[in-house]
Amino acid sequence: MEDLADWSRSLGLSLTGTQIEQFAAYESLMLEWNERISLTAIRDPHQIRIRHFLDALTCATVTGPLESVSLIDIGTGAGLPGLPLKILFPGMRLTLVDSVAKKAKFVELVAAELGLTNVMVLSERAEILGQMGEYREQFDWVVARAVADLRVLAELLLPLARVGGHVLAQKGESAQNELNAAGSAITTLGGGPGVVSTVHLPETGQAHYLIVIPKVGPTPTRYPRRPGIPAKRPL
Ligand code: SAM
């Protein structure tokens, strides 16, 4: 885990001994459970640290400290990017969401094994949560990686952000094009102008992109539409 600690330091993020132990435990559970349920195509521990853990931690370079904020991770899969951010900022109130029950079970187990508190796990679709008073417009940060094109994702994420909060989407090289194409959807949903930041992961030679969109006004009550409709008929 020294590699992860060194890379994190280069991002201006320092990990404590406890946090390094938590990442090691998380990595072991991911490798073990990956044999039974499909969590990640990456099986090499070194690559898991770069492409999953460090990639998730890069979010903190644009969000700033996330202690004492509420954050919801939509389509979290194996817990990404939510769990690495929670390890880095233990005071965060974290909600992890995945529509697939066995993935939700996995992240629940990781949170318990790592002794993380204030973690809620929901096996539900984002479209349903976005219409529930308990979750709608409640979160400071709404994040997602590798879930959908931004035009679709905007309808899943923006309804959950409080006015004054933010949405963060981790994207590949299509980021700026996706943001341009999603402009009118974002405005319709109460979002303001998005900003794209570039991050470089070590050894991969790849640039990744973080899109941050401020929530500037309330989302009209008709959004999100029913499950599946955002993807079928993007705004
Ligand atoms: N975010 C993780 C990552 O970057 O490794 C997982 C990405 S995986 C490709 C996409 C995940 O989003 C899947 O686990 C899927 O079940 C979940 N998902 C897709 N649409 C969803 C929705 N509408 N509501 C909740 N979860 C959803």
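Helices H2 and H3 cross in a right-handed manner, meaning that the near helix is turned clockwise from the far one by less than a right angle. This is a predicted model, in which local features need pLDDT of at least 70 and side-chain atom pairs count only at pLDDT 80 or more, while totals for chains, interfaces and linings use all residues. Residues are numbered from 1 along each chain as its sequence is written, and side-chain values use heavy atoms, leaving out hydrogens and water.

**Helices H2 and H3**
- From H2, the contact (heavy atoms within 4.5 Å) draws on Phe23, Tyr26, Glu27, Met30 and Leu31, and from H3 on Pro45, Ile48, Arg49, His52, Phe53 and Leu57.
- These contact residues comprise 8 nonpolar, 1 polar and 2 charged.
- The axes of H2 (residues 17–34) and H3 (residues 45–57) come within 11 Å and cross at roughly 120°.

**Helix H1**
- H1 (residues 2–10) has Asp3, Leu4, Ala5, Trp7 and Ser8 buried, that is, under 20% relative accessible area with a 1.4 Å probe, protein chains only.
- Those buried residues of H1 pack against H2 and H3.
- After H1 comes Gly12, with a positive phi near 85°.

**Thr219**
- You will find Thr219 in the loop between strand S7 (207–214) and helix H11 (229–232).
- Thr219 counts as buried because its relative accessibility is 6%.
- Its side chain reaches the backbone oxygen of Leu189 at 2.7 Å.
- Setting aside neighbours within four places in sequence, Thr219 is in contact with Arg136, Glu137, Leu158, Pro159 and Leu189.

How values were computed: Axes are lines fitted to C-alpha atoms, for helices over the stretch in contact, and angles run from 0 to 180 degrees between N-to-C directions. Helices (H or I, at least four residues) and strands (E, at least two) are DSSP runs, numbered from the N terminus. Ala, Val, Leu, Ile, Met, Phe, Trp, Tyr, Cys and Pro count as nonpolar, Asp, Glu, Lys and Arg as charged, and the others, Gly among them, as polar. Buried means under 20% relative accessible area, exposed over 50%, partly exposed in between (1.4 Å probe, protein chains only). A polar contact is a pair of N or O atoms within 3.5 Å; within protein, one must be able to donate a hydrogen and the other to accept it, and residues adjacent in sequence count only if both atoms are side-chain atoms.
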